[in-house]
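Biologist: Hi, could you walk me through this model? I have a handful of quick questions.

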Amino acid sequence: MTKRDFVIRRWSEIADQERLVEALHAIFFEASHTKSFASGEDRRSFRYRWLGRYLDARPDLAHVLFVGGGESAHTLAGYVIGAHEDPAQTDRYDDIGYFPVLAEVTRLYPAHLHINLRHDMRGRGFGSSLIDTFAADVAAAGLPGVHVVTGAGLRNVSFYERNGFSFTHPFAWRDKALVFLGRRVCRADHGWG
């Protein structure tokens with residue numbers, strides 16, 4: 001697919017969100033490393049923690065990717081969501097216990113994001129386009145950077161590194177090796193120079 005074969009839109013600008021919710025949830029769970037849940041409530045809580053709270057709080061920072069023919073693109077293929085506030089400086093993310101121990105690095109890269117693509121859409125540059133779109137929002141807000149936290153040994157680490165996440169801070173949390181990856185944003189992310 002070429003650039004004219006896809007479009008990225010803000011979730012807040014989509015009038016018929018309800019028709020897309022099921023596809024959005026399917027992409028979320030397909031990409032998730034957690035596949036089984038003790039109950040339907042556990043599954044809903046997990047989805048809200050990593051997707052729903054971002055859509056509810058800042059739908060203007062959620063960008064969805066549609067593929068299938070330029071302006072008439074209609075098939076949901078992925079998304080990037082996130083927040084601008086430093087998660088170590090607000091109680092909104094208290095359920096994610098590692099943020100207080102990352103306060104020194106989150107202040108340098110306060111915005112954070114989550115990105116997921118349908119499996120068949122990976123490796124085509126769409127993820128990079130979504131990351132750049134979110135980074136432009138971060139730069140426009142005057143923030144110094146954006147971060148992600150992921151498993152230290154996961155293949156998505158190299159994806160983030162290829163997309164400008166050059167700061168690496170490995171840490172352990174509950175016997176898991178994790179890594180905080182930060183990307184500086186600046187006017188160049190907007191194409192200003």
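Biologist: How much of the chain counts as buried?

Modeller: Of its 193 residues, 45% count as buried. Keep in mind that this is a predicted model.

Biologist: What box would the C-alpha atoms fill?

Modeller: Roughly 50 × 45 × 30 Å, taken along the principal axes.

Biologist: What share of the contacts join residues at least 24 apart?

Modeller: That share is 68%, counted among contacts between residues at least 6 apart in sequence.

Biologist: Which residues sit on each side of it?

Modeller: His-63, Leu-65 and Val-67 are on one side, with Val-64 and Phe-66 on the other, and both faces are covered. As background, side chains in a regular strand alternate between the two faces of the sheet.

Biologist: Which strands are joined to β2?

Modeller: One is β1, residues 6-10, which runs antiparallel to β2 with 5 bridges between them. Within that pairing, Val-7 has Phe-66 of β2 as its bridge partner. Another is β3, residues 75-83, also joined to β2 by 5 bridges in an antiparallel arrangement. There, His-63 has Val-80 in β3 as its bridge partner.

Biologist: Nice. In which sense do β4 and β5 pair?

Modeller: Strand β4, residues 111-117, pairs with β5 in the parallel sense over 2 bridges. Ala-111 has Val-146 of β5 as its bridge partner.

Biologist: Why would you call β5 largely enclosed?

Modeller: Because 6 of the 7 residues in β5, which spans 145-151, are buried, the strand is largely enclosed by the rest of the structure.

Biologist: New topic: where is Ala-26?

Modeller: Ala-26 lies in helix α1, residues 18-31.

Biologist: And why does Ala-26 count as partly exposed?

Modeller: Its relative accessibility is 47%, and partly exposed is the class between under 20% for buried and over 50% for exposed.

Biologist: How far is Ala-26 from Asp-120?

Modeller: Their C-alpha atoms are 13 Å apart in space, while the two residues are 94 apart in sequence.

Biologist: I'd also like to check backbone angles. Which residue has phi near 50°?

Modeller: That is Arg-174, where phi is positive although the residue is something other than glycine. Arg-174 is in the loop between β6 (167-173) and β7 (176-184). With 69% relative accessibility, Arg-174 counts as exposed.

Biologist: And what about phi of Asp-175?

Modeller: Asp-175 has a positive phi of about 65°, and it is not a glycine either. The loop between β6 and β7 holds Asp-175 too. At 83% relative accessibility, Asp-175 counts as exposed.

Biologist: Last one: how far apart are the mean positions of the positive and negative charges?

Modeller: They are 4 Å apart, with 24 positive and 23 negative charges in the chain.

Notes
Residues are numbered from 1 along each chain as its sequence is written. This is a predicted model: local features need pLDDT of at least 70, side-chain atom pairs count only at pLDDT 80 or more; totals for chains, interfaces and linings use all residues. Side-chain values use heavy atoms; hydrogens and water are left out. Buried means under 20% relative accessible area, exposed over 50%, partly exposed in between (1.4 Å probe, protein chains only). Contact means heavy atoms within 4.5 Å. Lys and Arg count as positive and Asp and Glu as negative; His and the chain ends are not counted. The place of a charge is taken as NZ of Lys, CZ of Arg, CG of Asp or CD of Glu. Helices (H or I, at least four residues) and strands (E, at least two) are DSSP runs, numbered from the N terminus. Two strands pair if DSSP finds at least two bridges between them.
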